[in-house]
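Hello,

Here is the structure I promised to pass on. Please load it before reading the notes.

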Amino acid sequence: MRDNSCGAHCARLCTTDGLTEVLAADRGLLHWRAMRSLGDPGLAEHAVQETLLRGWRSCRDFDARKGSVRTWLLAIERNVVVDIVRARAARPGDVGWDDITEVACCGKPDFADGLVDGLLVDQLLARLSEPQRAAVVEVILRDRGYREVAADFGVPVGTVKTRVHYALRSLRQLPEVA
């Protein structure tokens, strides 16, 4: 670790004592915020480590007149999280072995499979009452919002939610088709 010779505005992250204080006081907050933003414990830990590394590297750039070390680290972490999210969006997601073998052995479903699936959906929807069927078609199959559907149907939002809820519950209780 460096000594505290990085300047008048040093954040003290370049000293063992300063880093220890920050870890004791702010590591939990940094991890919580990263976890909340990223939703993955491994990525959250990576974000915290990268935040502390960037803070350590730019320790001499800290300016106490602009805020506390905690505020400064939270700003650094926000940039780290944005970088992680952008990096994950720029490259394809993780693909497991099952996904690879499924694509390799079977490929895309053919027209007949799509037709059978469509007929099955039609049969299941036919078992619902008309109000439930209409709500499920709009909310689930057409991916529309409850408020929008309720406005179109001229009913309260809660009515649409109830119709979808009970429709899905009744479909779940049907025996499985082999």
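Predicted model: local features only at pLDDT ≥ 70, side-chain atom pairs only at ≥ 80, totals over all residues.

Numbering starts from 1 along each chain as its sequence is written, and side-chain values use heavy atoms, without hydrogens or water.

Fold first. The chain has eight helices and zero strands. Helices here are DSSP runs of H or I with at least four residues, strands are E runs of at least two, and both are numbered from the N terminus. Of the 178 residues, 26% are buried. Buried means under 20% relative accessible area, exposed over 50%, partly exposed in between (1.4 Å probe, protein chains only). Among contacts (heavy atoms within 4.5 Å) with a separation of 6 or more, 52% join residues 24 or more positions apart.

Now Glu77. It lies in helix H3, residues 69-90. Glu77 is buried yet has no salt bridge. A salt bridge needs a side-chain nitrogen of Lys or Arg within 4 Å of a carboxyl oxygen of Asp or Glu. The nearest side chain of opposite charge is Arg33, 4.1 Å away. Lys and Arg count as positive, Asp and Glu as negative; His and the chain ends are not counted. Leaving out residues up to four places away in sequence, Glu77 touches Leu30, His31, Arg33, Ala34, Val48 and Thr51.

Last, Ile140. This residue sits in helix H6, residues 130-141. Ile140 is partly exposed, at 41% relative accessible area.

Best wishes
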